[in-house]
Amino acid sequence: MSAMLITEMFRTIDSNDWESLKKFYSEGAIYERPGYNPFVGLDQVLYFYREKRLVAWGTHWIDHIIVDKRIGACWGRLIGQHKDGSSIAVEFADIYHFDDGKIAKRKSFFFSPLI
């Protein structure tokens, strides 16, 4: 597994190319992120991006990617705009589990004040 998979996934997300996003996730993929129930299965992951995601547009700036066989992590910043027109500037981190060259599980964390 290479860091290129993660880099290319974020390029695809930043271009809002949801059809091409399929190639990065396994059919049974699980995506967990704050504020949502887990998205289970490729169709649910794509549903999140097409329908639920609050980001109108944005660019992910990756600071570091670490991959060791079937697990990986990355962290960086997302700069962009919400669908309501407000600005986004948030740090994030992701943890990945890979299976057969695709993302089988992804868990996202955001560094923002909530409590």
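**Aromatic rings, core and salt bridges**

Trp18, Tyr31, Tyr36, Phe39, Phe48 and Tyr49 form one aromatic cluster. The model is a predicted one, in which local features need pLDDT of at least 70 and side-chain atom pairs count only at pLDDT 80 or more, while totals for chains, interfaces and linings use all residues. Residues are numbered from 1 along each chain as its sequence is written, and side-chain values use heavy atoms, with hydrogens and water left out.

The structure holds nine aromatic pairs. Rings of Phe, Tyr and Trp (its six-membered ring) pair if their centres lie within 6.5 Å; planes under 30 degrees apart count as stacked, over 60 as edge-to-face and the rest as tilted. In one of the pairs, the ring centres of Tyr36 and Phe48 are 5.4 Å apart and the planes stand at 80 degrees, so the arrangement is edge-to-face. Tyr36 sits in the loop between strand S1 (25-32) and strand S2 (39-40), and Phe48 in helix H3 (residues 42-52), so the pair ties together parts that are 12 residues apart in sequence. Helices (H or I, at least four residues) and strands (E, at least two) are DSSP runs, numbered from the N terminus.

How exposed is each partner? Tyr36, at 26% relative accessibility, counts as partly exposed, whereas Phe48 is buried, with a relative accessible area of 0%. Here buried means under 20% relative accessible area, exposed over 50%, and partly exposed in between (1.4 Å probe, protein chains only). Phe48 also pairs with Tyr49: their ring centres are 4.9 Å apart and their planes at 75 degrees, so this pair too is edge-to-face. Both Phe48 and Tyr49 are buried.

Tyr49 leads on to the nonpolar core. A nonpolar core is a set of buried Ala, Val, Leu, Ile, Met, Phe, Trp, Tyr and Cys residues joined through side-chain atoms within 4.5 Å. The largest one has 22 residues, and those with the most contacts inside it are Met9, Phe10, Leu21, Tyr25, Tyr49 and Tyr96. At least two residues of this core come from each of helix H1 (3-14), helix H2 (18-21), S1, H3 and S5. Beyond its neighbours within four places in sequence, Tyr96 is in contact (heavy atoms within 4.5 Å) with residues including Ile6, Met9, Phe10, Ile103 and Arg106.

Seven salt bridges are counted, a salt bridge being a side-chain nitrogen of Lys or Arg within 4 Å of a carboxyl oxygen of Asp or Glu. In one of them, Lys105 joins Glu32, with the closest N and O atoms 3.1 Å apart. This pair links distant parts of the chain, Lys105 in strand S6 (residues 102-111) and Glu32 in strand S1, 73 residues apart. Lys105 is partly exposed, at 32% relative accessibility. Arg70 and Asp99 meet in another salt bridge (3.4 Å, N to O); Arg70 is exposed, with a relative accessible area of 53%, and Asp99 is partly exposed at 36%.

Which residue does the side chain of Asp94 meet in a salt bridge? The partner is Arg106, at 2.8 Å from N to O, and the two lie in strands S5 and S6, 12 residues apart. Asp94 is buried at 1% relative accessibility, and Arg106 is likewise buried at 3%. Asp94 touches residues including Phe10, Cys74 and Phe109. Finally, Glu19, Lys22 and Arg50 are linked in a network of salt bridges.
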